[in-house]
Structure formats: structure tokens, C-alpha cells
Amino acid sequence: MKVNKDFILRDMGSKCVAVPIGKTYETFRGFIKMNESAKFICEALAVGKTEDEVVAEMTDRYGISMEHAATSYQKAVVKMMEAGMLEE
């Protein structure tokens, strides 16, 4: 899984958004609001971490169970893929 290079993350105060650039901007106008864990997942995938690595880091970072972290990871990845932010 890799992050589409036509999206960039920008912090806006206490929130984060993914903004389309390049060719993607022509078809996707707007931005995607991301919570802290979605931003963390996106940044981890951008540097090549695997699902198992990200889920394990989420359990430590957020103090949640592996099951909760895995579910949160899957939900975020599905939404990012639907938006075109992630590529296989």
C-alpha cells in the first residue's frame, strides 16, 4: 500500500487535511478532513510501514487493543482508498 503522490497533508490548527494536487486536483476538488489516527496511518504508509507495523505502533501510541487498532486501521484505509489517497 502506498500513498498517492497527488495528495499532500496540511495541518490547519488542530486538524489535518489531505489536499489534492496535480492531476488529482482536476477530478477531486476539495479536501479530506483527517483525525489524528488517520494522519498517523497515512504518514506511516508514506514511509513504507506495513499494516502489522502500523497497528502495533497504534496500540502503543493510543493505548488501545490490537483489535481496536486493526479495526481503526482498516476503516481509515478503506476511506483513503475510496478517496484515491492510497494505491496498491
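This is a predicted model: local features need pLDDT of at least 70, side-chain atom pairs count only at pLDDT 80 or more; totals for chains, interfaces and linings use all residues.
Student: Good, so to α3 itself. What distance separates its end C-alpha atoms?

Tutor: Helix α3 runs over residues 51-62, which makes 12 residues. At 1.5 Å a residue, these should span 16 Å. The model agrees, because the end C-alpha atoms are apart by 16 Å.

Student: Which residues of α3 are buried, and how wide an arc do they cover?

Tutor: The buried residues are V54, V55, M58 and T59. They lie on the same side of α3, because the arc they cover around the axis is only 140°.

Student: Which residues are exposed on the other side of α3, and which helices do the buried ones pack against?

Tutor: On that other side, D52 and D60 are exposed. The buried residues of α3 pack against two helices, namely α2 (36-46) and α4 (66-83).

Student: Let's turn to the rings. How many aromatic pairs are there, and what geometry do F7 and F28 have?

Tutor: With ring centres required to lie within 6.5 Å, the count is two aromatic pairs. F7 and F28 have centres 5.8 Å apart and planes at 75°, so their geometry is edge-to-face. The two residues are 21 residues apart, with F7 in strand β2 (residues 7-12) and F28 in the loop between α1 and β4 (32-34). F7 counts as buried at 8% relative accessibility, whereas F28 counts as partly exposed at 24%.

Student: And what about F40 and Y62: which helices does that pair tie together?

Tutor: F40 and Y62 are edge-to-face as well, at 6.2 Å centre to centre and 90° between the planes. F40 counts as buried at 11% relative accessibility, and Y62 as partly exposed at 26%. The parts joined are 22 residues apart in sequence, because F40 lies in helix α2 and Y62 in helix α3.

Note on methods: Residues are numbered from 1 along each chain as its sequence is written. Side-chain values use heavy atoms; hydrogens and water are left out. Helices (H or I, at least four residues) and strands (E, at least two) are DSSP runs, numbered from the N terminus. The expected span of a helix is 1.5 Å times one less than its number of residues. Buried means under 20% relative accessible area, exposed over 50%, partly exposed in between (1.4 Å probe, protein chains only). The arc is that of the directions from the helix axis to the C-beta atoms. Contact means heavy atoms within 4.5 Å. Rings of Phe, Tyr and Trp (its six-membered ring) pair if their centres lie within 6.5 Å; planes under 30 degrees apart count as stacked, over 60 as edge-to-face and the rest as tilted.
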